[in-house]
Amino acid sequence: ASQVEKKEEKKEEPLVFEPITIDSLRQEKGFVKTARKQQKELDAIRKKQSKERMALQKTQNASIERLIKGKSKDEIKNDASIRKLIQEQNAQWSEMVERHKKEEWEMLKQQISDQQDILRKLMEAAQTAQMKQLESKHDREIKELNTKQAKISVETSKEVANDKTLKTKGEKDRRLREKKQNNIKRFMDEKKSATIKQGREKEKLKITHDKQLESLSHDLQKLIDVLKVEEEEYKIIQKFEFFA
Amino acid sequence: RPLTPKPQPSPAKEAASDPTTCEIANNHNTVIEIKLENNPIGIQVAGGCDTLVNTGAVIVNILPGSIAEKDKRLQVFDQILEINSTKITQELTCELIQRAVKQVQSKVKMTIYRADPPEVESMEIELTKKPGKNLGIGFFTSNPRGMLVTDIVTGGIADLDGRIQKSDIVTHVNSEKVSNMSVEECSTLLKAIQGKVTFKILRAKPKKRSS
């Protein structure tokens, strides 16, 4: 019996929740699986593009080599047909690179949007789990409070029954009524303050969760921004880029 | 009795320089701010713990016609110490640095360190162009320092050799200076070369610094 008492007296450890972030969610199984699938998809498209690049290089090279064979550096510089061919090749190449980039950006955009759905669901699940944890802690606290109050009621009855100064049954009944009245007030106050404290804890967790959802959207937007900026910048880069 | 003269308010040591207009000082941290109005800033940045430039983030290209070019203050090889309250630490990966640089927003605030002379590593790399094979390098040509390597094509000569890297700046091709050459000139020069090609390159090598 003493062991049970000890257990009851032991204070519950404070409940500390790990922050839920885009990076913590990315470690979760539900995400890792998708990320792996997406990486495979990306690798496949890059491999396909790389093959196409190599093939085009080969044909471009062959036709250039045919034209410049036996010519000196200066002759090459001033040869109109060579310059025309190089310009055509540059245009052809840049057209292909642009198509490849667009393909990749489209895929990355789709992937971020798929990730968004998964990350949101994972976050909601993680937050629901935290809230449940908090609620069950609250249930335990209320149960403990009830037990404690029931014990006090029993003790009060015993105390009055054993009080030698109370001579008659009438006196004892009156004292018991008084004490019970006092207990009821105290118990109600205790319950009320516990409920208020728990309400505050829940509210605080809810605010934390709302903030987490907000920063998840913010972090995802950042990923989308990078793609947008790259697309915009490529419009300029394209004009000054060539491959050799 | 003469009144003791009230101490004059000490004149501001130096008017805090306005980040929207102040010039970037050599060998000092300078905070600058540029209005973007949701347009890309137009700088390309090398760096990240998973790249060869692993001691800091450095501007390697300023796109012609971009906001950064019109602002005129940033230069190639300027080091970025902080951007929009993201401190560029040694632990940041290339991806995280790019994420910090490429943000859509109304303005950007950066802490810049311009080393004078620029902190770069220079080297010569010789590659051999075999018939039917390409170097497999993408170059950006409108860079005042030279041609910026924008891409290394998988399976190409440069890729297999491994020494030339993305974000390197080629200043000379077979001793010929290539800065300020047009796309046409550069591509004719490189496509016409058979056999040995010597590239003189600059690679950003910033000292470790913090804002």
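**Exercise 1.** Find out how A:Trp93 and A:Phe243, one of the 5 aromatic pairs over all chains, are arranged.

The model is predicted, local features need pLDDT of at least 70, side-chain atom pairs count only at pLDDT 80 or more, and totals for chains, interfaces and linings use all residues. Residues are numbered from 1 along each chain as its sequence is written, chains are lettered from A and ligands numbered from 1 in the order written, and side-chain values use heavy atoms, leaving out hydrogens and water.

*Solution.* Start with the rule: rings of Phe, Tyr and Trp (its six-membered ring) pair if their centres lie within 6.5 Å, and planes under 30 degrees apart are stacked, over 60 edge-to-face, the rest tilted. Here the centres are 4.9 Å apart and the planes at 45°, so A:Trp93 and A:Phe243 make a tilted pair. Next, check burial: both A:Trp93 and A:Phe243 are buried (under 20% relative accessible area; exposed is over 50%, partly exposed in between; 1.4 Å probe, protein chains only).

**Exercise 2.** What kind of aromatic pair do A:Trp105 and A:Tyr234 form?

*Solution.* Their centres are 5.9 Å apart with 70° between the planes, which is edge-to-face. Now place them: A:Trp105 sits in helix 5 of chain A and A:Tyr234 in helix 6 of chain A, so the pair ties together parts 129 residues apart in sequence. (Helices are DSSP runs of H or I, at least four residues, and strands E, at least two, numbered from the N terminus.) Finally, A:Trp105 is buried at 7% relative accessible area, and A:Tyr234 is buried at 5%.
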